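Good morning, and thank you for coming.

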Amino acid sequence: MQTVGQQLIIAAIPVLPALVFFVLALFGRLLRENAQYVAILGITVSLVFSVFALLYVAGIIPGGGTPIEFSVTWIDLGEGGSFPMGVYIDGLAAVMLVVVCFVSLMIQLYSGGFMEGDRRFAWYFAVLNLFTASMLGLVLAPNFIELYVFWELVGLCSYLLIGHWFEKPSARDAAQKAFIVTRIGDAALFIGIIIFWRATGTTSFEGISEAAQAGFVGGLLFTAAVVLVFIGAVGKSAQFPLHVWLPDAMEGPTPVSALIHAATMVAAGVYLVARTYDIFVQSEQAMLVVAYIGGFTALMAATMALVKKDIKRVVAYSTVSQLGYMMMGLGIGSYTAGIFHLYNHAFFKALLFLCAGSIIYAMDSYNLFEMGGLRRRMPITFWAMVIAGLSLAGIFPLSGFWSKDAIVASAYDEHYYVLFVMALITVFLTAFYIFRAIFLAFTGEPRTEGARAAVESPGIMVGPMVILAFFSVVSGWVGIPDGFGIPVKDYFAELVVPSEFARETLGLEPHPFSLIMAAISALAGLIGIGLAYALYVQRPERAGALSRRFSGLYTFLDKGWYFDALYGATFVRAAKYVGRMAREFDRRILVGGLTGGVGGLVSRFGELLRRLQTGGVQNYALFILLSVLIIGVIAGAQYAFLVFAIIVLITITAFAVGSRL
Amino acid sequence: MPPMPLVPPLVQQLIDLLVAAPPLEGYLVVGAILFAIGAWGALVRRNAVVVFMCVELMINGVNLTLVAFADYLPNAGGLGASYAVLVIAIAAAEIAVGLAIVLAVFRTRRTVNVDEVTSMRG
């Protein structure tokens, strides 16, 4: 059990960035460029608290070693149950907290330089903090309802940040696309949650898992609900077939892309599957869906990244691909490896984006073919990007190697040979495309004036890059498998473990570390790098010739397998048609018919009544008198005779008046 | 034999009728007639000043009714009479304001014919 003070510290982790959001949203105009210091202070304290949570859960702080768990009732339905708001931190959540806070801190430091002079500087930092707060809240959530609240907040923040430069039409469209596509997943997730709630009467992850074990929900309904929850994760984590929003999300400022891709938005989907792992493992079909969607996405996105000219899009597709890896890892049952990859990926993917941002900052272009020769001009960026690229390609001993190898090896060990081959091809493609980008940008001769005049970014941007480069190298060293021969404990595997129940259900057995597997996957990466070197450094003209010879394939890949065209021709067009119909219905029938009709009726009636307003004071007096009489008749019906006499009198009066009008 | 009356019985009856307190209905009828005449005048006369005078007639018709009721309903404690005083005060104020308005209208339009003052027409 934790003390109240410790609980307050835990609760402060998401609350502090949220508080910073309110401060910056309210006083942003006063703070201007100083907004970044407020933001950085908040997130630094959150990071310290997150580290505390990690140490507590890991058992280093005395009294710890168990998951942190407490909650309060939020909505009490009496007989119908209740919806609590609470906190549940096990090893998985603690690792995520630290990663999110750390990456967010690095990106906010970097943003101070990158966003300098932006019109909405303070607002940018405000939303960045709300984004972080939502993600932290999502990580802490012990039940579906609380998770869903933060899940939507994350979606909202990504919309705001992708559309930060909303003066650009493309940024507006990208923001809407991201919002709407992820919303499809969100709707599925919500339906899944409702099914679970109806079937089990609870929304807590643990409760649903136990209810399913006890047989309260099962069979097709259960599988359907699990798959629906997974579709939510697919939307958020940009998996096939809802991956189309992520490359477009590159319209946002580059540090935002780094945050979305490394720690907050897309990690949420993978985290959801990991968090509800005990539920997922109870449906074999759902696990297969997770694994194959993941594996296919990994391969598909890697092929798309091969031909992109935009440096950010190369990195974006690489994110889709890497998230596919993580999903695949979770789907085949190698829970620890999947999360380990999520954790390593956060560092090197953030770094890749910050490097890309550094180049963009220096030469104001995204196009790889306008770069070239930047190695001498921007040495720190170059080396940082090489480290990140090697880590992404899974080269020993950088961080990416350990987690990627673990996933690939377990695909083999668990006898998913198709996935194993797909993963191996992906490793090769990954190494190729990321080094294609690096070679195009940094080697050879400058291709434009911009590239010739580029200079290294300022220290506030380079600093976070160096720190992240350091972590891209060493972050994997906490999870070196025991069988590798280095006498270092596998801390990560001790901290982030699937539950006993999940292990039993999946029938997992520990597989010893296989040096051959590691060699194969590293070799695939090296071949990819070598091929990129041969094509883009030794003989640059060969790459062009190849793309011309296979121009059909080239266009197919460049257009992203025509997914955008397909969705545009079917769903988008259908949706627009429905929208036009609704608009016509609104204009013609609702506004033109109903509203206009009522309005016209009233105004015609008013036109009639208008004649009564003659302006003559005596007419008004007559109306008053008549009205009083009418009231008198109604009130004094028993004196009917008297009243009748007066009416006769007044009628004569009225006629007399009438004759004068 | 009874002494001869000084006046014939018919005349005596008339005297008695005149000397006796008049019945409530009499006051009420007079009040109603006053009110009706006032209303008639207020509705048909064109001169704003005359209209005001007719309004006064209406007010006084009501006042008469009030006072009569005050006299014939002792349980009311004379409230009607005091209310009549109030009405008189308000009537005075109303006439003061009303005549000022009539004067102002006359200055701008050189007329007090209410039929010609219709600028509030809708």
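I shall speak about confidence, then chain B, then a helix pair, and lastly some backbone details.

This is a predicted model, in which local features need pLDDT of at least 70 and side-chain atom pairs count only at pLDDT 80 or more, while totals for chains, interfaces and linings use all residues. Residues are numbered from 1 along each chain as its sequence is written, and chains are lettered from A and ligands numbered from 1 in the order in which they are written.

The predictor gives the complex an ipTM of 0.77 and a pTM of 0.75. For chain B the mean pLDDT (the predictor's confidence in each residue, from 0 to 100) is 86, with 97% of the residues at 70 or more.

Chain B contains four helices and zero strands; helices are DSSP runs of H or I with at least four residues, strands runs of E with at least two, numbered from the N terminus. Within this chain, confidence is lowest in helix α1 (residues 9-19), with a mean of 84, and highest in helix α4 (residues 79-109), at 91. The C-alpha trace of chain B spans about 80 × 35 × 25 Å along its principal axes. Of its 122 residues, 16% are buried, meaning that 20 or more other C-beta atoms, placed from the backbone, lie within 10 Å of the residue's own; 12 or fewer is exposed, and in between is partly exposed.

How do helices α1 and α2 of chain A cross? The axes of α1(A) (residues 4-31) and α2(A) (residues 35-58) come within 9 Å and cross at roughly 180 degrees. Axes here are lines fitted to C-alpha atoms, for helices over the stretch in contact, and angles run from 0 to 180 degrees between N-to-C directions. The two helices are therefore roughly antiparallel, the term for angles over 145 degrees.

Finally, two residues of chain A other than glycine have a positive phi. A238(A), with phi of about 55 degrees, is in the loop between α8 and α9 of chain A. A238(A) counts as buried because 30 C-beta neighbours are inside 10 Å. H415(A), with phi near 70 degrees, is in the loop between α18 (399-413) and α19 (417-442) of chain A. H415(A) counts as exposed, with 9 C-beta neighbours inside 10 Å. A cis peptide bond, with omega about 0 degrees, joins F240(A) and P241(A).

Technical notes. Angles under 35 degrees count as roughly parallel, over 145 as roughly antiparallel, 65 to 115 as roughly perpendicular and the rest as oblique.
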